[in-house]
Amino acid sequence: MSGSLTGKIGKVLIFLVLLCVMSAIGLWQFRIPLIEFAARSYLEEQGLQSVELKVGQFEPDRLQIDRFAVAPAVETENIQLDFSLLDLLSGELDRVIVGKATLDLSDLEHPLFQWGRRLADSTGEDQVSAKPSEKLPFVTIDQFRVTEQNDQRDVSIRGSLLITPDEEIKLQSLIDATFYADAGSYSVQKARLNMTGNLANLTAEVTLQDAILKGDDTAPVFKPLLVKGSGTLVNTEAQFEFTVLTEAEERLVDIQGAADLDAMEGKVAYRVKNLSFSPKGLQPSHILPSLSNLPEFAGDLNLEGEVVFRKEYAKTSGINILTGLKIKHEVLEIDIGEFRTAFAFDTNFTGLTNNVNFDANLIDLKSKISDHKFYSSHVKFKAVGPNVEDLAFETSTDISSADPNPLFPKLDILASGFLNKGNLDFSGTLKGLKDQLLVEYNGDVETSTGAGKATFHLRPLQLGQKGISLATLSSKLKGLNLKEEGLVSMDVSGSWGADFEPVISLSANLDKGYAETSETVLSGARLSVSANDVTYKKPFKLMLQDISADVATAGQNAAVGANRLDLSVKEGWQSATLSPAALSVTPSKDGYWKPKTDIKASGLVGLGQLDLTGEISTDPTGKLIDFNLIQKAGSKKITAKAILAPQQFSELKLTLSDLLNHPPDDLTLNGGIAGQIEATIEGEKITGNALLELVDLDVAQSGMQMEGINGRFQIREFFPLQTEPNQQLTADRIIAGIPINKPMLNFQIITEGEDPVLKIDRLVMSLFGGGAEIRDGTINPFQDVNELELALTSLSLEELVALGDFDDVEVSGRLKGIIPIRFDGNKIIVANGALESEGPGVLKVRSEEARQALASGGSQTKLLFDILENFNYKELSLKINKPESGEDLVALHAEGSNPEVEDSRPVILNVNLSTNLDRIFNTLLEGYLLSEEALRATLRNRN
């Protein structure tokens, strides 16, 4: 029975074995269709359609795929996978060889890339538990091509790739790419990019050879350029350097950079060193064809800049310097010492240029047009805007005639405007003769042709002794030898073509008269002036009609009798004549000067000579000024003498309101002022001396009072303004928040650089029961910041604390120390002021509110408050900081004890207090601002 059963079981086992063997043989025979079916099914489950898979061979150690494609994203051919059965069971391959592969990145939302991202995410999670022993296969891609086509770029990368099991990588590629932007397209052609590196270490070395950078073929912005370079990668940090050359392999730009590939940000720096241009050599048009209309020039170019980029945009900035620039074109010659530009702009990755910021500076510009020479010390230009076709700009320059007999004086020109789609709208000012000449203008220019039109408006211009003369406007008018005065307004219109030979028409009005002396100006002359077809090549005549006039003394107006003036200018402006009319003076209530003014003068006024003597008087003052003006025939010098009669100010006798229609707000004077002046005027140069006396003068303004001011100021030079040394100003008292007693200032006005400054030899004063002193300080009213050091002695702590915000603090004793004070505009800044006690004292702090607020602090907090209620210090110091903004800080350090607490236990206190020190320092600030305002008014136009 058992033998029969055993036999039957044996037969069954044999049958099963045979069945398994037959099944295995059958499956092996159909292995390739099964693999293709399984792979397609899996990929279709992942959402991939249009999958093409053809397996050519499957052996126990190799799988050969003839073709695998997922249209249109991926196409591959001749894929060979080598493996061992044991490694295959663990998911590892020995070798992957791809004969040909194509990857199209035009649609990154293709299901294949979505599946790849999901797979990468899951792989990233699995890598946490991945075995370190898992190995990479040997990967070879004999030929690959990566493409991308969209409305922003068209990219094609061809090459080969090798990756070893040690994760060494070798890449050879050829890149062709075109990038599109609103401003046009540009392309990179035949760029050979090779790389070797290690994936495990994230290191790589890259070289770039034979890259050609081209602009749009239809309208190229630049001519083709060659690019060579190399780079390295360590982890995610990349560094690279490139060189850009012309087609003739002339070196143009060196580029260096670094980037964080993980953060997708970095910086690229570029540099051009000593790139030389010459008429027979390199020219800008060789690089940028759009500059072909530029005349040939010579010069050396140096550039430095950088591009800082983020994921969304890049910020570009740089500095360009062109030295030794020489241009010659027909009758025009230009020689520029240095042409410097600086720029910054943002570029997003659609190619749009935003946030444009451009600065240009020309230094030492010499030019010649026909036989006339001109000079400009600088030309500055700045442009900003949201993009290159929508810019706001501003520019400034000075220009002067460099002829032996100048055509015009030095002029300062400011302009601003907008550039929009090839049309330049501009406006600006032209200033000359120390801002006495001011012209406002506007116009537009068609940038493609240079043709345009403009209008000019001359703001009221003071002519003559208090302003300018016709002779100073041009040497061509010096033959007139006139001393004319007045306020002139003028409107000029002109147009020009590409040759820039303007034809001008003008109309003008002369208001406020004609001047005779350095202090008295005949003005208010109402003149109607007209001229047409004015050019340098034709004679023209200015018609001055309907003349009525005023008189101005130091800028004040009074009515004068009618007269007529005629100015005729000959061809080439070689000569002109001006005939003044007789003048009679009657008072006027307009202008700055208020009272009726009588001017009595006698002497000679003629062509090229002047001899006037007279006096000026008013009802409130009586005789105010005696003056004398002399210009000898044929001489360029004018001598002037004026004496200011002593004036006594008081509320009942003479006030500023008696003299001025618009006196300074809240400013009152009480005391005596007198002075005199002697000056020599030659062209724009004024030399001479003056004396100003203040006698028992009280000044009050905006809550500040200065009492008992006495001083005698001897001015030895006007331009720049300078005084004799050891000038002294004393006062009885200054009151503005805190009282300052017996201030005394020893000073001198000197010149530092180009600025007249107040040199403080010594300033002493009494305050807070002690003394204050400043030695060897300077105040430059033309600087934003001035710094002084205040030395303090024997300051009463009790008076000082009373002005602070310390309601719960009582203190006795005296302090000394140094307070460095920085005057910054309308602010006082104190950094690390230091005061220390001159001896022992008492500090008492009683604040029930603070006790209750800090009651939870325990016994130590209570002990601190107990000690502070009667703290007898033997040493006390204060560190004072008054920042530009925020709270003022006082750091207190004291050493001592409370005799009533813990048997006079020694205690060291360090307390930081936040308070408001304005009451203490505002007096100094107001005094500084008042003196600075007076200095600025005195020194204005004197440097």
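A: A residue is called buried here when its relative accessible area is under 20%, exposed when that area is over 50%, and partly exposed in between. By that rule, buried residues make up 38% of the 943 residues in the chain. The model is a predicted one, and its mean pLDDT is 75, with 72% of the residues reaching 70 or more. Over residues 1–27 the pLDDT is below 50, and this stretch has one contact in the model beyond near neighbours in sequence. Residues 574–585 also have a pLDDT below 50, but for this stretch the model shows 48 contacts beyond near neighbours in sequence.

As for the overall build, the chain has ten helices and 54 strands. Among contacts with a separation of 6 or more, 47% are between residues 24 or more positions apart. The accessible surface of the chain comes to about 51,700 Å², and carbon and sulfur atoms account for 54% of that surface.

Turning to the rings, a pair of aromatic rings is described by the distance of the centres and the angle of the planes. A search of the whole structure finds six aromatic pairs. One of them joins Phe-240 and Phe-242, whose ring centres are 5.6 Å apart and whose planes stand at 45°, so the pair counts as tilted. Phe-240 has a relative accessibility of 21% and is therefore partly exposed, and Phe-242, at 21%, is likewise partly exposed. Another tilted pair is formed by Phe-426 and Tyr-441, with 6.1 Å from centre to centre and 55° between the planes. This pair links distant parts of the chain, since Phe-426 lies in strand β21 (residues 423–432) and Tyr-441 in strand β22 (residues 437–446), 15 residues apart. Both Phe-426 and Tyr-441 are buried. Elsewhere, ring pairs link Phe-358, Phe-381 and Phe-393 into a cluster. A ring can also face a charge in this model: the charged end of Arg-95 sits over the ring of Phe-138, at 4.6 Å from the ring centre.

Among the individual residues, Gln-64 belongs to strand β2, which covers residues 62–70. Its relative accessibility is 16%, and because this is under 20%, Gln-64 counts as buried. A polar atom of the Gln-64 side chain lies 3.5 Å from the backbone oxygen of Ile-79.

Leu-202, which is not a glycine, has a positive phi of about 50°. Leu-202 is placed in the loop between β8 (184–198) and β9 (203–215), and its relative accessible area of 38% makes it partly exposed. Asn-726, again not a glycine, has a positive phi of about 60°. Asn-726 is found in the loop between β41 (722–723) and β42 (727–730), and at 62% relative accessibility it counts as exposed.

Methods. Residues numbered from 1 in each chain as written. Predicted model: local features only at pLDDT ≥ 70, side-chain atom pairs only at ≥ 80, totals over all residues. Heavy atoms only, no water. Helix = DSSP H or I, 4+ residues; strand = E, 2+ residues; numbered from the N terminus. Buried < 20%, exposed > 50% of the residue type's maximum accessible area, 1.4 Å probe, protein only. Contact = heavy atoms within 4.5 Å. Areas by Shrake-Rupley, 256 points an atom, 1.4 Å probe, with all protein chains shown as cover. pLDDT = per-residue confidence, 0-100. Polar contact = N/O pair within 3.5 Å; in protein donor to acceptor, adjacent residues only side chain to side chain. Phe/Tyr/Trp six-rings, centres within 6.5 Å; stacked < 30°, edge-to-face > 60°. Lys NZ or Arg CZ within 6 Å of the ring centre and 35° of its normal.
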